[in-house]
Amino acid sequence: MLTTKPRGINDILPEEVWKWQYIENRLRDLAGRFGFQELRMPIFEHTELFQRGIGDTSDVVEKEMYTFTDRGDRSLTLRPEGTAGVARAFVENKLYSGTLPGKYYYIGPMFRYDRPQAGRYRQFNQFGVETIGGHEPAIDSEVIAFAYEIFHGLGLENVLVHLNSVGCPTCRKAYRAVLQDFLRPSLGQLCDTCQNRFERNPMRILDCKSKHCHELIQGAPTITQYLCEDCQKHFEQVKAILDGMGISFKINQGLVRGLDYYTRTAFEITAGKEGSQSALCGGGRYDNLIEEIGGPALPGIGFALGMERLLLVLDQQGIPLPKPDLCDVFVAGLGENAEIITSTLCHQLRLAGLRVQRDFQGKGLKAQMKAADRYAAKIVLILGDEEINRQVLICRQMWNGEQTTIEIKDAASFVVNTLSAIEVEGEMK
RNA sequence: GUGGUUGUGGCGAAGUGGUUAACGCACCGGAUUGUGGCUCCGGCACUCGGGGGUUCAAGUCCCCUCAAUCACCCCA
């Protein structure tokens with residue numbers, strides 16, 4: 001072949017896509033129940049939106065963006081995440097003039113130039129929500145409850161909410177100084193990356209997976225000890241509401257989200273799987289982002305989940321998803337005389353709302369029966385010369401092999417009735 | 001960006017320098033002249049991810065490259 005798909009990019013084939021559709025439908029339904037509306041933003045934006053929004057020191061901006069120049073010499077970037085785009089759309093369309101907080105969700109592909117791995121791809125899909133214009137702790141809790149319910153509702157085991165507060169610029173400034181004081185004596189022993197982080201973003205050192213660094217940061221002061229009064233109160237209230245809703249969570253003081261815009265509440269959700277790519281969902285509050293990109297000073301909070309990772313754990317945990325029926329009726333026409341009648345019949349059945357398959361290659365009855373079986377057709381209609389001469393056809397019920405001869409003109413209504421009858425029977429069981 | 005493993009038909013998988021590249025599943029056809037799921041029989045890779053090299057001879061050795069995968073990093 002001429003070429004293959006680019007690295008880290010995947011086709012989602014029909015045999016797989018029904019799972020996606022099922023989950024997407026559930027997500028949309030759940031979003032509606034929580035009062036969120038869909039917002040579709042573009043796949044690419046001006047590069048500076050992500051640079052300013054996500055933060056220059058983040059890995060995403062530093063080394064993972066798909067940035068290109070268009071024919072007008074503009075620097076554009078394929079969106080690596082959704083929040084910045086929603087924020088931009090919110091400001092640009094002056095959505096702050098509506099009822100606040102605005103509650104939006106999005107679903108679609110994101111792009112990051114990473115080394116691909118299980119559960120990590122260069123084009124991956126996220127479902128995310130954002131609420132903009134509310135600072136109340138109840139909003140944090142509602143967003144976390146929504147995220148939790150997505151996973152819980154699908155039947156996943158060991159769903160765990162990791163919760164932390166990363167403070168606001170005021171308390172973070174104080175904490176940053178304390179943390180640097182703590183680390184300074186062992187600065188030389190930290191890994192290269194962490195030495196780099198020391199000035200630029202010392203809180204990220206707490207997140208370092210290197211064993212050596214991990215030992216050195218034992219006993220480090222935690223941000224929660226240095227939260228200002230407002231942040232502390234906010235955090236306590238979020239926890240209290242979650243308790244009240246019966247949503248369990250675990251405080252994880254090492255949880256520092258990778259994007260620079262986060263303030264106060266930060267959370268992540270995992271489901272059993274330990275180690276790499278275990279985060280199914282990540283989110284948090286971003287109280288300065290909207291203002292940062294030139295909008296009014298409105299706070300926000302949201303999360304995003306990775307569809308590929310969700311599908312992966314569902315599979316690992318053996319959670320069955322309902323597979324839709326692909327075929328109600330297979331029309332088996334035999335010989336040239338059946339051609340027009342077969343086509344017409346298929347069309348009528350489809351107009352009657354049925355899923356219909358047929359053969360186009362003039363195969364024998366045996367081969368057509370085999371095909372019908374593979375389509376998992378519930379009913380096969382057989383049309384040969386004998387039947388056509390008498391203007392009838394044979395209706396075979398594949399689940400029990402029973403056959404009835406009926407008139408061609410009655411076929412559609414007969415099939416509809418037969419199928420609705422067995423559906424009712426199925427429901428009664 | 002770093003390190004490890006892998007790459008043979010649609011899929012899984014033998015083959016460890018030497019004639020026609022096992023086998024299983026799937027697929028197609030037949031046994032059952034007009035009827036699926038079982039059984040039996042038959043068919044199905046000018047070719048071993050791509051390129052170059054070593055050799056009388058390479059799927060088998062070497063180099064490069066691409067891709068997958070795992071770990072690190074990071075994150076969804």
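Leaving aside neighbours within four places in sequence, Phe151 is in contact with Leu156, Val159, Ile269, Leu280, Cys281, Leu305 and Leu310, where contact means heavy atoms within 4.5 Å. The model is predicted, so that local features need pLDDT of at least 70 and side-chain atom pairs count only at pLDDT 80 or more, while totals for chains, interfaces and linings use all residues. Residues are numbered from 1 along each chain as its sequence is written, chains are lettered from A and ligands numbered from 1 in the order in which they are written, and side-chain values use heavy atoms, with hydrogens and water left out.

Phe151 belongs to helix α5 (residues 137-153); helices (H or I, at least four residues) and strands (E, at least two) are DSSP runs, numbered from the N terminus. Phe151 is buried, its relative accessible area being 0%, where buried means under 20% relative accessible area, exposed over 50%, and partly exposed in between (1.4 Å probe, protein chains only). The C-alpha atom of Phe151 is separated by 13 Å from that of Ser248, a residue 97 places away along the chain.

Apart from neighbours within four places in sequence, Thr222 is in contact with Tyr175 and Gln253.

**Salt bridges**

Side chains of opposite charge can pair when their charged atoms come close. The structure holds 21 salt bridges, each being a side-chain nitrogen of Lys or Arg within 4 Å of a carboxyl oxygen of Asp or Glu. The table gives some of them.

| Pair | N to O distance |
|---|---|
| Glu16 and Lys19 | 3.8 Å |
| Arg285 and Asp287 | 2.8 Å |
| Asp328 and Arg355 | 3.2 Å |

Glu16 and Lys19 both lie in helix α1 (residues 14-33), 3 residues apart, which is about one turn of the helix, and Glu16 counts as partly exposed at 32% relative accessibility. Arg285 and Asp287, by contrast, are both buried.

The salt bridge between Asp328 and Arg355 joins two loops: Asp328 lies between α11 (307-316) and β12 (329-333), and Arg355 between α12 (339-351) and β13 (356-358), so the pair ties together parts that are 27 residues apart in sequence. Asp328 counts as buried at 5% relative accessibility, whereas Arg355 is partly exposed at 39%. Through salt bridges that share partners, Asp325, Asp328, Arg355 and Lys378 are joined into one network.

**Surface patches**

Patches are made of residues with over 30% relative accessible area and no salt bridge, like charges being joined within 9 Å and nonpolar side chains (Val, Leu, Ile, Met, Phe, Trp, Tyr) within 5 Å. Accessible areas come from the Shrake-Rupley method with a 1.4 Å probe, and for residues only the protein chains shown count as cover.

On the surface, Lys363, Lys366, Lys370 and Arg374 gather in a patch of positive charge. Lys and Arg count as positive and Asp and Glu as negative, with His and the chain ends not counted, and the place of a charge is taken as NZ of Lys, CZ of Arg, CG of Asp or CD of Glu.

Ile43, Phe44 and Phe68 make a nonpolar surface patch of about 250 Å². Phe44 sits in strand β2 (residues 44-46) and is partly exposed, at a relative accessible area of 41%.
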